[in-house]
2 protein chains.
Amino acid sequence: MLVGGKEMRSLWYEEGCLKLIDQRKLPAKLEIFEARAVEDVAYAIKEMVVRGAPAIGCAAAYGMAMADDVEKAAELLKSTRPTAHDLFYAVDYMLEKIGRGEDTLKAADEYVESIIEKCRKIGENGKKLIPKNARILTHCNAGALATVDYGTALAPIRMAKDKNIFVWVDETRPRLQGLLTAWELEQEGIEYAIIADNAAGYFMKNGNVDLVIVGADRIAANYDVANKIGTYEKAVVAKENDIPFYVAAPLSTFDESIEDGSKIKIEERNEEEVMSIYHWKPKKARNPAFDVTPAKYITAIITEEGIIEVNK
Amino acid sequence: MLVGGKEMRSLWYEEGCLKLIDQRKLPAKLEIFEARAVEDVAYAIKEMVVRGAPAIGCAAAYGMAMADDVEKAAELLKSTRPTAHDLFYAVDYMLEKIGRGEDTLKAADEYVESIIEKCRKIGENGKKLIPKNARILTHCNAGALATVDYGTALAPIRMAKDKNIFVWVDETRPRLQGLLTAWELEQEGIEYAIIADNAAGYFMKNGNVDLVIVGADRIAANYDVANKIGTYEKAVVAKENDIPFYVAAPLSTFDESIEDGSKIKIEERNEEEVMSIYHWKPKKARNPAFDVTPAKYITAIITEEGIIEVNK
């Protein structure tokens, strides 16, 4: 991704140190967090210096490469964010490589490069779905920040930069990850406008949205998609207005063991996340972090291996 | 409405002074704003001490009653919020009464009582649509604060208090008027939870919403309804989930001169309203304040004269 006009990744290893864009500070401030030991990496994951399942996995891979006691390091890293599937996958991947006596830093590098390569291919495949002058709606941040580079939903958008596109960015309450998307697009020089989540339907109905692209947290065997809260509403309204609704995700997001979306457990987070912008404390708030979009609203899923047409 | 356990209105006239609950301070703080001259009333309307079209009209009626030079007062009041239809209606109503030599304070009192009576009747009519143990979703604040007493969407909810109801309150970005609704419900002792607007669809799909009630800013001849931004999305998702979607509004909100919703002009407000909670300034934000919900998504409209079944 471009940052200040230069190519940058959301994290990289340099001279015995894992460097991470501090996503707690973005977009207000670009600061680099330096992790010099596995404990620092665990802190960075736990405190959300790094966020987004693929990026968390990559950070953990370097954390393992930096560890002296690998069993202890594995346990520590796995305890940071219990629900991120990539985290467990990356730690186990590294344990296996270490068990085989392979070079740990090389193994971590390879892991990260494979993640980036998948995102690049998602971008290439997805780009074909974006017509010239397209006005695209996206929700949350499925960008380079969440995946080290390119992103999932943002990869096709990045690669379609030369098509004179425009992006509607849902602010994505309660955590406002839309701001990270806006920041990435601004760095990339892609035109956008941020909107309250309530306004997406207005622009869809008025013919101002040509397609929607979002990321995914988990995809069931029947192609029901769990993603950031609000995705379901956008998908229903998109279908109602005959607007194509695309999901961009690597094949590792597909969970064949889950029959359909109703079996996906939805995390409900602290109500403080909702209330933190209020100057008053309501008696009660509810804060589901994700929702499930049934496959019937999804036009296609863009993967690194090709496009899965869910509904023609 | 109940405030601190006692009956209160959002504004009232007392000893030569118009007193208004200062809605700029709510819900963090309950403060009374005192308007002793028509200039103070104009200030209160312009600066949103009082908000909600019916309440604005009532404040303006008292403003006219307090004026020495009525022509000048009418001009001043009409210049405060150019789009609020009730404001113009109330000022013209008072000019006519004054022209006939009637008692101005009595005329203003009558105007306000007629508004309150309409809301009370909307409550009585709407209450019949609310089953026992109903879980109701509402959007924005169509409450007593906006209408002097009872509210429009909140009137049936208030009157169904004895039915063991629960209310899902959309926070209603960007201006977060859902907080005013939460405050009213808390004062009334009605159970509620506030949610990010993104979460409404999640609760609808999971069977946690039995009906939706919202207010209206303008209703076209074909029953298309203009209301706070986001209403359209909620209506589409409600219909998709077979959840009744009710609009509560006095007959004065019906604009027979407007054929359908596409002819309703939508106000786009300052992008600062969206960005004020951010710690970073995006290059561009868009901020439509209202949207139009086509009649096909509306189950019925609750008025003071009865219930209009739009779709059976």
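Which residue in S4(B) is the bridge partner of Trp12(B)? The partner is Lys19(B). This briefing covers a predicted model, in which chain A and chain B touch through 54 residues from chain A and 54 residues from chain B. A rotation of 180° superposes chain A on chain B.

**How the two chains are related**

- The rotation of 180° comes with 0.0 Å of shift along its axis, and the superposition has an RMSD of 0.0 Å.
- This is therefore the relation of a two-fold axis.
- Both copies use the same surface, since 100% of the contact residues of chain A recur in chain B.

**Area of the interface**

- The size of an interface is often given as the accessible area that is lost when the parts come together.
- Between chain A and chain B the buried area is about 4600 Å².
- Carbon and sulfur atoms give 63% of that area.
- Asn198(A), Glu233(A) and Trp280(A) supply 17% of the area that chain A buries against chain B, which is more than any other three residues.

**Polar contacts and salt bridges**

- The rule finds 8 salt bridges across the interface of chain A and chain B.
- One salt bridge is formed by Glu240(A) with Lys296(B), and their closest N and O atoms are 3.7 Å apart.

**What chain A brings to the contact**

- Several elements of chain A each supply at least two residues of the side that touches chain B, including helix H8 (178-188), helix H9 (200-205) and helix H10 (231-240).
- By residue class, the side of chain A that touches chain B divides into 33 nonpolar, 7 polar and 14 charged residues.

**Strand pairing between the chains**

- S14(A) is joined by 2 bridges to strand S8 (residues 191-195) of chain B, and the two strands run parallel.
- Within S8(B), Ile194(B) is the residue that stands opposite Ala285(A).

**A hairpin in chain B**

- Strand S3 (residues 11-14) and strand S4 (residues 17-21) of chain B run antiparallel and are joined by 4 bridges.
- Trp12(B) has Lys19(B) in S4(B) as its bridge partner.
- The hairpin of S3(B) and S4(B) has 2 residues between the strands.
- In this hairpin Glu15(B) takes a positive phi near 50°.

Definitions and conventions
Residues numbered from 1 in each chain as written. Chains lettered and ligands numbered in written order. Predicted model: local features only at pLDDT ≥ 70, side-chain atom pairs only at ≥ 80, totals over all residues. Heavy atoms only, no water. Contact = heavy atoms within 4.5 Å. Buried area = accessible area lost by both parts, 1.4 Å probe. Salt bridge = Lys/Arg side-chain N within 4 Å of Asp/Glu carboxyl O. Nonpolar A, V, L, I, M, F, W, Y, C, P; charged D, E, K, R; others polar. Pairing = 2+ DSSP bridges. Least-squares fit on C-alpha atoms with pLDDT ≥ 70 in both.
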